[in-house]
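Here is a briefing on one protein chain, written for a reader who is new to looking at structures. Please keep the sequence and the model in view while reading the points that follow.

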Amino acid sequence: MIKKSEQSSKTEQTQNYYNGIASGYKNLYHEEQILKLNYVKDLFPKSGLCLDAGCGDGVLNQFINSNVKLYSFDLSVELLKLNSNGSTRKFCGSLTDLSIFENNKFDFISCFSVIQDIFDFELVFDEFVRVLKAGGTLFLSFVKFSSKKDLILEKINNSSVFEVLESYEENKDLIFVLKKKL
Ligand SMILES: C[S@@+](CC[C@H](N)C(=O)[O-])C[C@H]1O[C@@H](n2cnc3c(N)ncnc32)[C@H](O)[C@@H]1O
């Protein structure tokens, strides 16, 4: 059982960490995140609504076709400020609560190197299931050396909602392309 106070203090720690490193994020992370996104970039739909879940400073922008309506969501307001895509809609909050979005809203969700940081990542899965359309795709990566790796894999492999279309192992992350069943 996770205590609410423990959950919010972990979230605050993560938020403070990413706000603190925001100005150096590009130098620290872009190169490795681009390598990861390259695995799946050709599978991204060319239109529809996309949730960039845990968008950081918006490294995904360069991979998304201009016909896609992008929603950029992150815990760190400082990283969101650095997202220079003028046409994306920006939201600050925790992925454990996506109640600002209605059910079945998005055609695809991209969530790269985020959920291993989230104390109660299972809530995030539930929210992804809720806001993704049937037949929609979740592009998901997480750090393979994370202590949560086995729990996340179990969640994916035991899911009655998602079908695994593709999976890749790269240097730091495991990457999955998951389709929400019809
Ligand atoms: C390693 S960065 C990856 C960012 C981006 N996906 C990329 O590929 O560059 C992890 C991101 O997850 C965000 N994050 C961590 N916990 C979160 C939460 N509970 N809700 C929303 N975003 C969160 C952080 O603020 C940070 O921007």
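A residue is called buried when its relative accessible area is under 20%, exposed when that value is over 50%, and partly exposed in between, with a 1.4 Å probe and with protein chains only taken into account. This is a predicted model, in which local features need pLDDT of at least 70 and side-chain atom pairs count only at pLDDT 80 or more, while totals for chains, interfaces and linings use all residues. Residues are numbered from 1 along each chain as its sequence is written, and side-chain values use heavy atoms, with hydrogens and water left out.

**Overall build**

- The protein chain contains five helices and seven strands, where helices (H or I, at least four residues) and strands (E, at least two) are DSSP runs numbered from the N terminus.
- Read from the N terminus on, these elements follow the order α-α-β-β-α-β-β-α-β-α-β-β.
- The radius of gyration of the protein chain, taken over C-alpha atoms, is 15 Å, close to the 16 Å that the globule rule (2.2 Å times the number of residues to the power 0.38) gives for 182 residues, so the chain is as compact as a globular protein of that length.
- Along the principal axes, the C-alpha atoms of the protein chain fill a box of roughly 40 × 40 × 35 Å.
- Of the contacts in the protein chain with a separation of 6 or more, 62% are between residues 24 or more positions apart, contact meaning heavy atoms within 4.5 Å.

**Surface and charge**

- Buried residues make up 48% of the 182 residues in the protein chain.
- The protein chain exposes about 9300 Å², of which carbon and sulfur atoms supply 48%; such areas come from the Shrake-Rupley method with a 1.4 Å probe, and for residues only the protein chains shown count as cover.
- The 22 positive and 24 negative charges of the protein chain have mean positions that are 4 Å apart, where Lys and Arg count as positive, Asp and Glu count as negative, and His and the chain ends are not counted.
- The place of each charge is taken as NZ of Lys, CZ of Arg, CG of Asp or CD of Glu.

**Nonpolar cores**

- A nonpolar core is a set of buried Ala, Val, Leu, Ile, Met, Phe, Trp, Tyr and Cys residues joined through side-chain atoms within 4.5 Å.
- The largest nonpolar core has 30 residues, and those touching the most other members are Leu51, Leu95, Ile109, Ile115 and Phe128.
- At least two residues of this core come from each of β1 (48-53), β2 (68-74), β4 (106-112), α4 (121-131), β5 (132-143), α5 (149-157) and β7 (173-180), and α4 gives the most, with five residues.
- Apart from this core lies another, of 15 residues, which includes Leu37, Leu60, Phe108 and Phe139.
- When neighbours within four places in sequence are left aside, Phe128 is in contact with Leu51, Ala53, Leu95, Leu98, Ile109, Cys111 and Leu138.

- Asp52 has its place in strand β1 and is buried, with a relative accessible area of 4%.
- Beyond its neighbours within four places in sequence, Asp52 is in contact with Leu60, Leu70, Tyr71, Ser72, Phe73 and Ser110.
- Gly56 lies in the loop between β1 and β2, and at 4% relative accessibility Gly56 counts as buried.
- Leaving aside neighbours within four places in sequence, Gly56 is in contact with Asp74, Leu79 and Leu80.
- Leu80 belongs to helix α3 (residues 77-81) and is buried, with a relative accessible area of 5%.
- With neighbours within four places in sequence again set aside, the contacts of Leu80 include Gly56, Ser72, Asp74 and Lys90.

**Loop residues**

- Ser47, in the loop between α2 (25-38) and β1, is partly exposed, with a relative accessible area of 45%.
- Ser47 and Ser66 are 19 residues apart in sequence, and their C-alpha atoms are 8.0 Å apart in space.
- Asn104, in the loop between β3 (89-92) and β4, has a phi near 55°, a positive value in a residue other than glycine, and is partly exposed, with a relative accessible area of 42%.
- Ser113, in the loop between β4 and α4, has a phi near 60°, a positive value in a residue other than glycine, and is buried, with a relative accessible area of 14%.
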